[in-house]
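Hi everyone, thanks for making time.

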Amino acid sequence: MYKKITEEIRERLEKIVSRENLTFDSEKMVDYSHDEFSLTEIARMPELVVKPKKTEEAAEIIRLANKEMIPVTPRGGATGLCGGCVPSYGGIVLSLERMNQIIEVDRENQMAVVEAGVTLMDFYVAVEEAGLFFPPHPGEESAMIGGVIATNAGGARAVKYGVVRNYVRGLEVVLPTGNIVHLGGKLMKSSTGYNLLNLIIGSEGTLGIITKATIQLMPSPQVIRSLIIPYDDLGDAIETVPLLIRQKILPMAVEFVPREVIEITEKFLKKKWPSSLGNTYLLIILDASSEEEMDRLSELVAGVCMEKGAVDVFVADNPEKQRQVLDIRSKIYEAIKAHTLEILDIVIPRAEIARHVKRVQEVSQKYGIWLPTFGHAADGNVHTHIMSARFEMGKITPLSEDESKAKLEKVREELYRDCKNREGMISGEHGIGIVKKPYLSYVLEKETIALMKGIKNHFDPKNILNPGKIFD
Ligand SMILES: Cc1cc2nc3c(=O)[nH]c(=O)nc-3n(C[C@H](O)[C@H](O)[C@H](O)COP(=O)(O)OP(=O)(O)OC[C@H]3O[C@@H](n4cnc5c(N)ncnc54)[C@H](O)[C@@H]3O)c2cc1C
């Protein structure tokens with residue numbers, strides 16, 4: 001039903017963005033055929049990549065694609081983990097990389113207005129220079145603002161500060177018809193009709209192309225400190241979290257990480273983690289308004305952890321030590337990437353984490369496959385990594401391709417069933433994309449999926465914008 005891009009269409013696109021902003025050389029397009037999801041079978045080459053500089057150019061491209069029945073896939077930093085920006089039906093990849101202007105950081109309203117192609121890295125720098133703070137921190141800073149909004153990204157600080165959705169106040173969006181709409185603004189609240197702004201957030205590029213965003217900022221925390229707490233027992237580590245919350249301590253982030261992946265990452269980076277005790281670690285990041293308040297909080301946290309069976313408490317109390325710890329935590333993915341088949345993104349009620357992780361360990365034993373699990377212990381978002389390897393006595397033993405693929409299906413299935421039984425969802429922050437599509441009906445009622453399909457059909461009756469994502 002989709003049409004191929006003809007010479008004539010290519011010339012018309014060239015008139016919109018000029019020749020140097022079109023790519024159709026297959027070698028150069030390989031990078032645009034995948035995201036960070038590991039398995040290559042979901043990759044697909046586009047027929048052409050187009051890089052608009054202005055919203056009006058993006059709109060013109062969409063109008064042309066809509067008229068000619070050509071699929072368009074929006075693409076940000078391509079750091080996604082479920083194939084969201086892969087052009088499943090070929091056609092055009094519309095890359096936002098040239099729309100990378102920070103239009104303003106408005107100190108008076110504590111809002112930033114930015115184009116969709118600004119990377120998180122550049123955004124954090126601009127916000128910090130203005131003495132302000134953007135709390136969400138998804139782990140990969142080459143992601144772009146449009147992408148983090150389209151996936152409603154989360155990150156480690158969600159437990160205290162929420163996810164990207166909580167900070168988006170306004171959007172400029174190019175609809176699949178090529179019309180441009182402006183939703184919200186520099187407003188702290190609005191009860192003016194249906195909340196279309198929130199419908200676009202997390203819609204994974206299926207309802208519109210985000211070209212500009214207004215983002216609320218916060219005052220910076222005065223003092224930040226990381227505590228590294230080894231435990232012998234993973235269950236004890238995870239069960240510490242509700243105890244902290246019962247004591248009215250809400251950390252900025254609580255991550256749990258098994259020792260094996262820390263050791264692999266230490267070697268990979270040639271950096272040292274502050275402790276080699278225990279089998280598993282809690283990394284607790286606290287923020288406070290003064291040093292005195294921070295000392296009081298740290299002592300409280302240490303007390304709760306030690307009572308729950310922690311082996312020790314290490315404090316990264318200066319910026320250099322903090323950087324070292326966060327560096328190791330954020331590079332785990334890179335260190336184990338070569339053996340990673342897929343990263344699950346299950347979210348369950350946080351009181352269920354320990355039981356879910358126990359189930360992961362049983363599944364790992366049952367299938368003889370390494371399933372390192374770590375994640376955001378305080379918000380219920382667990383990232384089990386399905387590996388093409390076994391991990392025994394500190395050694396990685398790779399599995400054959402056939403064996404890993406057969407195990408991948410079974411492990412996924414078992415863990416998604418466990419997620420459903422615990423009233424969880426199959427994605428807490430990465431989105432559905434292509435990879436999780438077959439499992440949507442595990443966790444959503446068919447009436448809910450039908451409503452979602454109706455919305456998609458209303459926005460995009462010709463199904464030209466990012467077809468093949470979330471559902472068919
Ligand atoms: C090492 C690593 C760590 C990560 N850590 C986290 C984490 O802590 N938390 C988290 O939530 N995620 C994390 N991620 C996943 C990823 O970074 C996020 O999903 C991120 O939001 C994707 O942004 P992107 O710009 O790379 O989007 P892309 O991968 O380019 O696209 C993602 C989706 O958004 C759509 N899209 C992109 N731009 C637009 C636009 N302008 N308008 C409309 N749709 C658009 C695409 O079509 C696609 O469906 C991590 C990934 C890696 C590799």
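Let me start with how elements are named: helices are DSSP runs of H or I with at least four residues, strands are runs of E with at least two, and both are numbered from the N terminus. What you see is a predicted model, where local features need pLDDT of at least 70, side-chain atom pairs count only at pLDDT 80 or more, and totals for chains, interfaces and linings use all residues. Residues are numbered from 1 along each chain as its sequence is written, and side-chain values use heavy atoms, with hydrogens and water left out.

First, two loops. Glutamate 204 sits in the loop between helix H7 (196-200) and strand S10 (209-216). Its phi is near 55°, a positive value in a residue other than glycine. Is glutamate 204 buried or exposed? Its relative accessibility is 11%, so it counts as buried; buried means under 20% relative accessible area, exposed over 50%, and partly exposed in between, with a 1.4 Å probe and protein chains only.

Asparagine 152 is in the loop between helix H5 (145-150) and helix H6 (158-161). Its phi is positive too, near 50°, and at 14% relative accessibility asparagine 152 counts as buried.

Now to the helices. The axes of H8 (residues 234-246) and H13 (residues 353-367) come within 9 Å and cross at roughly 155°. Axes here are lines fitted to C-alpha atoms, for helices over the stretch in contact, and angles run from 0 to 180 degrees between N-to-C directions. H8 is therefore roughly antiparallel to H13; the cut-offs are under 35 degrees for roughly parallel, over 145 for roughly antiparallel, 65 to 115 for roughly perpendicular, and oblique for the rest. On the H8 side, the contact (heavy atoms within 4.5 Å) is made by Leu234, Ile238 and Glu239, and on the H13 side by Ile353, Ala354, Val357 and Gln361.

H8 also packs with H10 (residues 291-307), at about 135° and with axes 10 Å apart. That makes H8 oblique to H10. Here Thr240, Leu243 and Leu244 of H8 meet Val301, Val304 and Cys305 of H10.

Last stop, H14. Its 21 residues, 401-421, should span 30 Å at 1.5 Å a residue, and the end C-alpha atoms are 30 Å apart, which agrees; the expected span is 1.5 Å times one less than the number of residues. Buried residues of H14 include Leu408, Val411 and Tyr416. After H14 comes glutamate 423, with a positive phi near 60°.
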